[in-house]
Amino acid sequence: MTKQTLAFQAEVAQLLNLVTHSLYSNKEIFLREFVSNASDACDKLRFEAINDSGLYEDAPELEVRVSFDKDAKTLTITDNGIGMSAQEAIDHLGTIAKSGTKDFVAKLSGDQKADSQLIGQFGVGFYSGFIVADKITVESRRAGMKSTEGVRWISSGAGDFDVETIDRPARGTSVTLHLRDDSMDYASAWKVKGIIAKYSDHISLPILMEKEEWKDGELINAGEENGGRQPGGMVKTGEWEAANKGNAIWARAKKDITSDEYNEFYKQISHDFEAPLAHTHNRVEGSTEYTQLLYIPGKAPMDLYNREKSAGIKLYVKRVFIMDDAEALLPTYLRFVKGVVDSADLPLNVSRELLQESRDVKAIREGCTKRVLGMLEDLAKHDKLPEVAKPAEGEAEVVTDVVSEEDKAEAQANVGKYSKFYAEFGAVLKEGLGEDYGNKERLAKLLRFASSTTDTTSVSFADYKARMKEGQEAIYYITADSASAAKNSPQLEVFKKKGIEVLLMTDRVDEWALNYLQDFDGTPLQSVAKGAVDLGNLLDETEKKAAEEAAETFKPLLAKLKEALKDKAQDVRVTTRLVDSAACLVVQDDGMSTQLARMLKQAGQAAPDVKPVLEVNAEHPLVKKLEGSVHFNDLAHILFDQALLAEGGLPADPAAYVKRVNALLV
Ligand code: ADP
């Protein structure tokens, strides 16, 4: 292939622009990205070579070399990994293949500040090179291809790039950054070594740099950068040494790892700029042996609700990288967790398919799930500071443990973390009720809701139970499209009147998830929009009596209503649940709620036509007026349609509804 100039995909051009402008304050990460690409390329070679050892050619020792040339103003990262063919260079360096990144670019607002926050959630990858370079040259040859099939790719990061075929005996890739004048400090061993130590220490391959020594030992005071020796006095020795320690953080002892190191590693694997909320690091021995280092991020990625989205766990086998996004290692509802699992038992050539079936993997998955839930329980426990103990009645004093200042500070640091977690990931956690039967009880304890008496999403089932009224036998909840729809729903009226708390469920997944949870700790969960309300002992005798009487006197009217609405309502009955409203809709106990049916239909899925029950308030003037009204039929339909509107639905025939109301208004 002779030299040709190709345009970047439109999204790349956009991304490039953003990367170079918004990451300016954090320039150095480009090196992490390039070293990580080089190390990935070596991992890929090792992986492919399991089945084809010929790919090693005559260089079985995989390595990354970083070198610079002050005069030429270049920094070069070379690896002897898998390399790229010409087509791969075009595809991988000229287009954005990953859908996540594409979605990201689509979300860009043009507002630099907002956009640069977004970018933290995505790998900026190769393009970050243009923060420090005004030109990047990539030369590569794919392992197993002929030396005449090398490729050279050059771009200045504007709209296009050049590619051509070259002769390249060396396998792998060499990326040369032509440094901008204001980035010349990266052509320094001291600087580069520092960055490698910071970001890439865990990489098990040697990251080599050429050793330098002083040309003459003359000492002058020239700052810490060159140890006070004379400037410009370093010369290369031709000898290479590793700039990284090469010890994977997860393989080290907990007590030797600082929280900064844990956080730094998290940022590296997650591409998140923020520190995680929590981590857990354990070595597990038993039927299967593995190390886990798992993190709970503080922020949800854009594609969190995509259940197809890859999980965030990297799988290693005896410190050899096997694969990213090993979804078999955690259930889907924990897809927000990031981290590493390093197994001592799995074969190196394990495939995704094999992972699904492996018994070792099953054990790892269970172990990781347990740990993550444990981490969440811990965060939940420390979400609020313990209340200051007061002496119990009849006691003069309280005795508590002495708490050290450090413990106090730690407790303080953990306050609000679970709330933060829950706001980001709570809805995803709920999927677990249906997905992970074995951990249902633990999950239920982790759930938090808003309620008719609390504004924040902070009420747990246990809190609710502790506040239940005497005689209350169920945990009441309502599902709705929004908090305000839930709060103002007619179905809540009697509960408000009686001061009974109702949990407000407004996540899309609630209805589905609650199908899997019939009770909490022995107390049944009861939707206030399903079945006849049975307030049981919460109604007093006069109320019960009035309800029975109303049902009796209204019998003929109900029969008429039922006839008028036979296409819309399954039944019509008198209810005690309403106070101010004239009517509301409920579904049979075992029926799908109208809200869920509506949601399914909106999502284009099949949903049964739910015929709800119309419940009327015998005390309401409109209902009282029905009897004998010449507009009976219109009023009946209006009553039904308004009940539907009140719960956020739409009349089947909105125009007919408007006509009827207007006719009456006139
Ligand atoms: P990411 O590494 O997150 O996939 P990058 O933008 O860093 O994204 O790189 C894009 C792609 O270019 C990589 O996925 C890989 O296929 C290819 N690539 C980059 N650097 C190298 C390299 N040193 N060797 C082989 N392939 C590489």
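**Exercise 1.** Which residue in S20 stands opposite tyrosine 476?

*Solution.* Tyrosine 476 faces glutamine 526 in S20. The model is a predicted one, in which local features need pLDDT of at least 70 and side-chain atom pairs count only at pLDDT 80 or more, while totals for chains, interfaces and linings use all residues. Residues are numbered from 1 along each chain as its sequence is written, and side-chain values use heavy atoms, with hydrogens and water left out. Strand S17 (residues 475-479) and strand S20 (residues 523-527) run parallel and are joined by three bridges. Two strands count as paired if DSSP finds at least two bridges between them; strands (E, at least two residues) and helices (H or I, at least four) are DSSP runs numbered from the N terminus.

**Exercise 2.** State the strand order of the open sheet of six strands and explain why one side of S16 and of S19 is left without a neighbour.

*Solution.* The order is S16-S15-S18-S17-S20-S19, and the pairing is mixed. Strand S16 (454-459) and strand S19 (519-520) stand at the edges; each has a single partner strand, so one side of each lacks a neighbour in the sheet.

**Exercise 3.** Describe the open sheet formed by three strands and the helix that packs on it.

*Solution.* The order is S21-S23-S22, with mixed pairing. At the edges stand strand S21 (571-574) and strand S22 (583-586), each with a single partner strand. From one strand to the next, the twist averages 25°. Four bridges pair S21 with strand S23 (residues 613-616) in the parallel sense, and aspartate 571 stands opposite valine 613 in S23. Helix H18 (residues 555-564) packs on this sheet and touches S21 and S23 (contact: heavy atoms within 4.5 Å). The direction of H18 makes about 150° with that of S21 (axes are lines fitted to C-alpha atoms, for helices over the stretch in contact; angles run from 0 to 180 degrees between N-to-C directions).
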